[in-house]
Amino acid sequence: MTINEIQDQIIEEFSVYDEWLDKYEYLIELGNSLDTIEENKKTPDNIIQGCQSRVWLDAVLEDDNTVTFRADSDAIITKGIIALLIRVFNHQTPQDIVSAELYFVDEIGLSANLSPTRANGLLAMIKQIRYYALAFSALNKK
Amino acid sequence: MDVQQIRKDFPILSQKIYGKPLVYFDNAATTQKPQCVLDSIVNFYTTYNSNIHRGVHFLSEKATEIYENARLKVKEFINAKSRTEIVFTKGSTEAINTLAYSFGEAYIKPGDELIISEMEHHSNIVPWQLMAQRRGAIIRVLPFYDNGELMEDMLEKLICDRTKIVCVTYVSNTLGTVNDVESIIKTAHAHNIPVLVDAAQAIQHLKIDVQKLDCDFLALSGHKVYAETGIGVLYGKEHFLEELPPYQGGGDMIKNVSFDLTTFAELPLKFEAGTSNFVGAGSLLTALNYVDSIGLDNIAKYEEQLLEYATKKIEEIGGVTIYGNAKHKASIVSFNIDGAHHYDVGMILDKLGVAVRTGTHCTEPIMKHYNITGTVRASFAMYNTFEEIDTLCEGIIKAKKMLR
């Protein structure tokens, strides 16, 4: 599936929730089932320090030129949003990740979580995902 | 004290958030404004707006009168000896930065020491660190017990002949602890060491008498006591303020300026460079009058009941840890649901209409003390109710269930 197809799928999934707490319940569920990063990968290099919650992110370029992301957070709702971001960007090519337009977070009403003043690590995480993709696509060109 | 009547004075409180009645428990961050304060701001701009001091015209004189009346009101409110001891700043942070800079310039030599408590807000740590780096001074830390009370006995041990100032908060913005600043000041004064009291979290909760406390400096913020943002006060004993050099240069703080020699204005204007927030000062005047009309004693008594009720109800939930159990506390409760992240709890409470603060509350040393990354903080003001605390507790129970 393309990045946009996955985003649309997520928007569809969230459209059934009218209540905020139901949305959060779902995010918590997603967070709990997220295949998290290995403890030894939770290094200072991989940490994205927010004042509210902390996020760890690691990325690997696979042989088929797609990227596998692993991430974690100490806050579970943040982790649920991470699970969605990973679902969108995982197994995509670096080029597609770099040029992707991220719109699903807005659409499902969670954009406040990406505000720079929230300091929950999510905005920095998205930036970091793009940096990884940029670096990987530069590697490709060599 | 009629809480329902008071609530009517605060128009913001009657709104709904996500369809739920707003429960505003973030009062330690900033308080809401009564209608009279809002009116005073509009009234100033529609009637008197004009820059203060040295204006020959009618409006400027009226504006100056309001500004200086605000100074007199603050003087009375904290019982300072003279209006010259009241310096307007943009808040307690600027008050402390002003003092740290000027005090450093005047009195601090390499190797000198300052004592700062472990429970200070970053705004009473970082300005001193900056000064200490500049002047080669050393910072000593007065620790606190796990219950949130300062280790006062340690103060005597930390003091040495190079100690130049003690900086301590009156009320901890995270733990709620009301420190026995009077006793700390006595100890410091026995060694001829001046004391700064950070009253940012005290001014709205308890009666402050700087002469009785005998503190040498005191910092406060208007927006924590129902006035608008951007106005605060540095109180300093006159002889200190006379000796200290100015912090910032500009208009209003000078007597004469030439390229050879500039002389400075009399107190307190020496420390008020540039156009002051005179509208803010006017709002502070109105806010303090409003507080007086209700009575700080009544407010303190009521807030104590709120604190007691909230503490009891939160403890009853079980599986919740409260940080700060000092004997003497202001209406601030910091807590964590065991095994849950403060940020998640805050997000869930938000969607239930309950406004709390989560994170480190600008007190990272306190977080380090308890080895935690943050807390949820509910802080109460005179317009909060017992029913709102019930709503908070229902939210905590809900969050606990969701985050299990």
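Below are worked exercises on a predicted model.

Residues count from 1 along each chain as its sequence is written, and chains are lettered from A and ligands numbered from 1 in the order written. Local features need pLDDT of at least 70, side-chain atom pairs count only at pLDDT 80 or more, and totals for chains, interfaces and linings use all residues.

**Exercise 1. State how the domains of chain B are laid out and what domain 1 presents to domain 2.**

Step 1. Take the bounds, which come from an automatic or database domain assignment. Domain 1 of chain B covers 3-30 + 295-402, and domain 2 covers 38-292.

Step 2. Count the contact (C-beta atoms, placed from the backbone, within 7 Å). Domain 1 of chain B gives 25 residues and domain 2 of chain B gives 24.

Step 3. Find the elements. Helices (H or I, at least four residues) and strands (E, at least two) are DSSP runs, numbered from the N terminus. On the domain 1 side, H11 (296-317), E14 (332-337), H13 (364-370) and E17 (375-379) of chain B each supply at least two residues. H11(B) gives the most, with four residues.

**Exercise 2. Describe how H11(B) packs on H14(B).**

Step 1. Two packed helices are described by the angle and the distance between their axes. Axes are lines fitted to C-alpha atoms, for helices over the stretch in contact; angles run from 0 to 180 degrees between N-to-C directions.

Step 2. The axes of H11(B) and H14(B) (386-402) come within 10 Å and cross at roughly 20°. H11(B) and H14(B) are therefore roughly parallel (angles under 35 degrees).

Step 3. List the residues. H11(B) uses Leu306(B), Tyr309(B), Ala310(B), Lys313(B), Ile314(B) and Ile317(B). H14(B) answers with Phe386(B), Ile389(B), Cys393(B), Ile396(B) and Ile397(B).

Step 4. Sort them by class. Nonpolar means Ala, Val, Leu, Ile, Met, Phe, Trp, Tyr, Cys and Pro; charged means Asp, Glu, Lys and Arg; the others, Gly among them, are polar. This contact has ten nonpolar, no polar and one charged residues.

**Exercise 3. Work out the strand order of the open four-stranded sheet in chain B.**

Step 1. Strands pair if DSSP finds at least two bridges between them. The order is E13-E14-E17-E16, with antiparallel pairing.

Step 2. Find the edges. E13 (320-323) and E16 (357-359) of chain B each have a single partner strand, so one side of each lacks a neighbour in the sheet.

Step 3. Zoom in. E14(B) and E17(B) pair over four bridges. Ser334(B) stands opposite Arg377(B) in E17(B).

Step 4. H12(B) (342-351) lies across E14, E16 and E17 of chain B, at about 160° to E16(B).

Definitions and conventions:
Contact = placed C-beta atoms within 7 Å. Parallel < 35°, antiparallel > 145°, perpendicular 65-115°, else oblique.
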